[in-house]
Amino acid sequence: MEVKGAALLYTLATLSVTFAGFAALLLMLRQSAGAGLSPLDRFLARTIVGHYFWLSAGAVFPAVFALYDLPEPVVWKASALLFGLPMLAILLTFQRRRIAATGKPAPTRIVVVFIGFGSLSLVAMLGYVFGNFAHPAAAYASAITVNFVTHCYAVVTALEVILSQQASTKRKDG
């Protein structure tokens with residue numbers, strides 16, 4: 001049984017793995033260009049790769065549950081729980097983990113967009129799916145899409161910070 005929105009979810013899974021690899025590759029290129037990895041670089045690399053792989057896993061959970069011929073409402077509820085609760089915990093602990101790893105909190109815009117919108121979409125999805133409203137597939141796919149977009153925003157912002165650190169280091173050396 002093919003789940004509703006399978007093509008979208010598979011595309012998001014593919015994009016998530018691609019973005020994880022791209023972000024890790026950028027950090028490796030930076031290091032091979034002579035810049036050492038800072039605690040922020042290491043934290044961001046680990047976080048980006050982990051988050052994108054969890055998004056990929058979340059995108060394939062419904063298809064895996066559907067292989068067991070579970071009723072559609074059960075597929076979406078099981079997927080929502082298995083993906084949504086851990087992802088919510090990951091987002092809500094981000095700031096604490098970042099401070100522990102780097103000694104500095106994330107910028108406000110990251111807190112609002114990445115943690116705020118990402119968490120809000122997950123809570124809304126969980127409430128929608130468990131509220132037995134129509135179109136649970138749409139709610140689930142929407143939450144994964146919102147989190148994918150907020151992760152992209154966070155990655156671009158992180159790369160901006162990393163590149164500005166590298167530029168300021170070159171100015172000091174030069």
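Hi everyone, let's start with the rings: Phe19, Tyr52 and Phe148 are linked into a cluster by ring pairs. Here, rings of Phe, Tyr and Trp (its six-membered ring) pair if their centres lie within 6.5 Å; planes under 30 degrees apart are stacked, over 60 edge-to-face, and the rest tilted.

A quick word on the model. It is predicted, so to speak of local features I need pLDDT of at least 70, and side-chain atom pairs count only at pLDDT 80 or more, while totals for chains, interfaces and linings use all residues. Residues are numbered from 1 along each chain as its sequence is written, and side-chain values use heavy atoms, with hydrogens and water left out.

Back to the rings. The count by this rule is 10 aromatic pairs. One of them is Phe19 with Phe148, an edge-to-face pair at 5.3 Å centre to centre and 70 degrees between the planes. Phe19 sits in helix α1 (residues 6–32) and Phe148 in helix α6 (residues 136–173), so this pair ties together parts 129 residues apart in sequence. Helices, by the way, are DSSP runs of H or I, at least four residues, numbered from the N terminus.

Buried or exposed, what is Phe148? Phe148 is buried, at a relative accessible area of 8%, while Phe19 is partly exposed at 31%. The cut-offs are under 20% for buried, over 50% for exposed and partly exposed in between, with a 1.4 Å probe and protein chains only.

Now helix α2, residues 39–66. Its 28 residues reach 41 Å from first C-alpha to last, close to the 40 Å expected at 1.5 Å a residue; that expectation is 1.5 Å times one less than the number of residues. There is also a kink of about 35 degrees at Val60, shortly before the proline Pro62. The bend is the angle between axes fitted to the seven residues ending at a residue and the seven starting there.

Over to helix α5 (residues 108–130), where we find Ser119. Ser119 is buried, with a relative accessible area of 8%. Beyond its neighbours within four places in sequence, Ser119 contacts Leu88, Leu91, Leu92 and Phe114, where contact means heavy atoms within 4.5 Å.

Notes: Helix = DSSP H or I, 4+ residues; strand = E, 2+ residues; numbered from the N terminus.
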